[in-house]
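Have the sequence and the 3D view open as you read.

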Amino acid sequence: MSFLPKSRKARTRLLLLAVIAPVVAVAVGLTLWGMRDSISLFYTPSQAAAAKPAPGRAIQLGGLVKVGSVVKHTDGRVEFTVQDKVSADRVVFQGDLPDLFREGQGIIAEGSYRADGTFEAKRVLAKHDETYMPKEVADALKEQGEWRGEGSPPPSYGGQKPYGKSGT
């Protein structure tokens with residue numbers, strides 16, 4: 001008893017499928033294997049501490065620049081700390097920072113961790129105006145209760161009204 005169909009046309013189609021399927025599977029596998037280094041995962045400092053990405057693995061590290069942490073060296077190297085509510089990571093960057101880079105501001109640094117645990121940034125992105133923050137950073141800050149953007153509770157002014165607001 002044969003498992004092949006009796007029809008010559010059906011046997012031809014089955015043979016064609018048997019040849020094409022492995023070729024397509026190998027092509028998809030090679031494509032995914034070739035793209036493995038181009039995938040850049042996003043982490044906040046606390047997520048990176050939990051995930052422990054391998055040194056040299058390209059990732060994006062996002063959070064707020066810690067106030068008082070920016071150190072600029074004469075050789076163009078800049079060191080600063082990126083933090084979230086739970087954790088903080090030291091970042092080293094060689095080059096020119098964006099004009100809008102400031103302490104206390106949300107940023108995304110693209111790069112990788114070194115073996116000593118310092119994040120070496122290849123590129124630093126800063127928000128472009130007062131209302132923009134990268135979606136990944138905003139979502140992570142919302143999860144941790146640090147969100148200060150639209151939809152967050154108004155800041156406390158210690159019983160005083162903010163400047164420019166008339167009382168009712």
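First, a term you'll need: a nonpolar core is a set of buried Ala, Val, Leu, Ile, Met, Phe, Trp, Tyr and Cys residues joined through side-chain atoms within 4.5 Å. Keep in mind that this is a predicted model. In soluble globular proteins, nonpolar side chains tend to end up buried together.

**The cores**
- The largest nonpolar core is made of 18 residues, and F80, V91, I107, F119 and V124 have the most contacts inside it.
- Two or more residues of this core come from each of strand 2 (59-65), strand 4 (77-83), strand 5 (88-94), strand 6 (106-113) and strand 7 (119-126).
- There's also a second, separate core of 5 residues, with F42, I108, V137 and L141 among them.

**A look around V124**
- Leaving out residues up to four places away in sequence, V124 touches F80, F93, L97, P98, F101, I107, I108 and A109.

**Aromatic pairs**
- The model has 2 aromatic pairs.
- One of them is Y113 with F119, an edge-to-face pair at 5.2 Å centre to centre, with 80 degrees between the planes.
- Y113 and F119 are both buried.

**Over to H73**
- You'll find H73 in the loop between strand 3 (71-72) and strand 4.
- Is H73 buried or exposed, or partly exposed? H73 counts as partly exposed because its relative accessible area is 29%, and that label covers values between 20% and 50%.
- The side chain of H73 makes a polar contact with the E79 side chain, at 3.1 Å.
- H73 and Q94 sit 21 residues apart along the chain, with 9.6 Å between their C-alpha atoms.

Conventions:
Residues are numbered from 1 along each chain as its sequence is written. This is a predicted model: local features need pLDDT of at least 70, side-chain atom pairs count only at pLDDT 80 or more; totals for chains, interfaces and linings use all residues. Side-chain values use heavy atoms; hydrogens and water are left out. Buried means under 20% relative accessible area, exposed over 50%, partly exposed in between (1.4 Å probe, protein chains only). Helices (H or I, at least four residues) and strands (E, at least two) are DSSP runs, numbered from the N terminus. Contact means heavy atoms within 4.5 Å. A polar contact is a pair of N or O atoms within 3.5 Å; within protein, one must be able to donate a hydrogen and the other to accept it, and residues adjacent in sequence count only if both atoms are side-chain atoms. Rings of Phe, Tyr and Trp (its six-membered ring) pair if their centres lie within 6.5 Å; planes under 30 degrees apart count as stacked, over 60 as edge-to-face and the rest as tilted.
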